[in-house]
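Hello,

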Amino acid sequence: MDIVYDQKFNSNEWFVIITLIIGVILVWKLPKRFSIKQSLVYFIGFVFFGLVFDSTVGIEPFDYYDVIDKSSYELMDFVSYLSYGPFGYLFIYFYDYFKIKNKYNTIYVLLWTIISVVTEYFAHAFGVFHYKNGYEIYYSFPIYLLILMSYLGLYKLLNSKKANK
Amino acid sequence: MAVALFVFIAWVIISVYFFVPKRLSTEEIILLFFLFTIITINIFVILDFNLKLIQHNNKSPKLFISFWIHRNIIIPLTLIIFVNFMNNFKSKIKKFITTVLVFSILYLINLLAFGIGLLTYSTNLFYLGSAIFLAALMLLAFLTMKLVTKLPEGKSM
């Protein structure tokens with residue numbers, strides 16, 4: 001049985017669309033630092049991680065949350081996953097831009113994990129996420145930590161390949 | 001049993017991946033893996049939650065782990081191996097044989113997933129439905145690979 005949270009085009013859809021537009025403009029306007037393919041990896045990668053985690057803990061047997069208006073899958077659900085893309089790109093962009101040294105990786109990842117949790121808090125407040133079955137926002141903390149650490153690993157892998165060429 | 005079986009299949013697919021000669025760059029392979037997983041998950045979710053044609057077993061965590069391995073590792077990685085072969089071979093016969101072989105492997109793994117109750121099918125067109133689903137995935141994978149390899153190398157975005 002599908003759960004319907006609301007059926008209007010309201011705050012949750014606007015939150016997703018505005019976040020996506022601001023993110024894409026930022027990605028587009030910032031001075032270029034990566035090749036097209038590398039940029040796409042960093043952009044699509046976060047959509048990938050978001051979708052994998054959401055389609056793991058967001059469906060039965062766990063079913064900890066629903067996205068946007070219904071528990072079934074809608075076009076706006078996919079748009080919400082696309083809005084993760086700029087976030088992943090900017091995470092790597094600023095890491096590369098500020099030439100963060102390895103000893104500061106933990107602090108950098110922790111900082112972005114906090115930013116992620118705060119963003120999720122606002123997304124939840126705007127009705128993008130609907131927590132179920134006892135899920136609390138702080139459960140997302142280790143998930144972001146894991147994703148962002150993996151993302152940094154991905155950046156290091158691609159850079160080591162580039163350096164070896 | 002189901003988890004062990006699907007971990008083993010995933011291990012075989014991962015091992016094959018490492019032995020396949022690759023003309024695609026690391027960036028292309030990673031990008032394609034992301035895209036194939038996104039496509040696979042989207043198709044599964046639409047078939048499962050919206051159309052209710054193929055449904056995953058939502059009662060047993062063990063079967064869910066197997067389903068997760070099937071959807072997120074076995075299918076996308078098999079598609080990566082497939083597009084690598086398609087990119088390596090010039091001969092149309094070799095490409096055709098590879099397509100039939102990869103399709104057969106994916107089809108058998110899918111049958112196994114249904115056989116052990118990982119997935120359930122709600123129509124009578126079970127065999128045909130599975131074939132269409134996998135053929136569509138392989139076609140999308142091939143087209144995505146063509147698109148990604150045509151991307152320019154320069155700095156942009």
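Among contacts in chain B between residues at least 6 apart in sequence, 82% join residues at least 24 apart; two residues are in contact if their C-beta atoms, placed from the backbone, lie within 7 Å.

Please note that this is a predicted model: local features need pLDDT of at least 70, side-chain atom pairs count only at pLDDT 80 or more, and totals for chains, interfaces and linings use all residues. Residues are numbered from 1 along each chain as its sequence is written, while chains are lettered from A and ligands numbered from 1 in the order in which they are written.

Chain B contains five helices and two strands, in the order α-α-β-α-α-β-α from the N terminus on. Helices (H or I, at least four residues) and strands (E, at least two) are DSSP runs, numbered from the N terminus.

The C-alpha trace of chain B spans about 50 × 35 × 30 Å along its principal axes. Buried residues make up 33% of its 157 residues (buried: 20 or more other C-beta atoms within 10 Å of the residue's own, with C-beta atoms placed from the backbone).

As for the interface, 28 residues of chain B are in contact with 25 residues of chain A. On the chain B side, helix H2 (26-50) and helix H3 (61-88) each supply at least two residues; H2(B) gives the largest share, 15 residues. By class, that side has 15 nonpolar, eight polar and five charged residues. Here Ala, Val, Leu, Ile, Met, Phe, Trp, Tyr, Cys and Pro count as nonpolar, Asp, Glu, Lys and Arg as charged, and the others, Gly among them, as polar.

Regards

Methods: A residue is buried if 20 or more other C-beta atoms lie within 10 Å of its own, exposed if 12 or fewer, and partly exposed in between; C-beta atoms are placed from the backbone.
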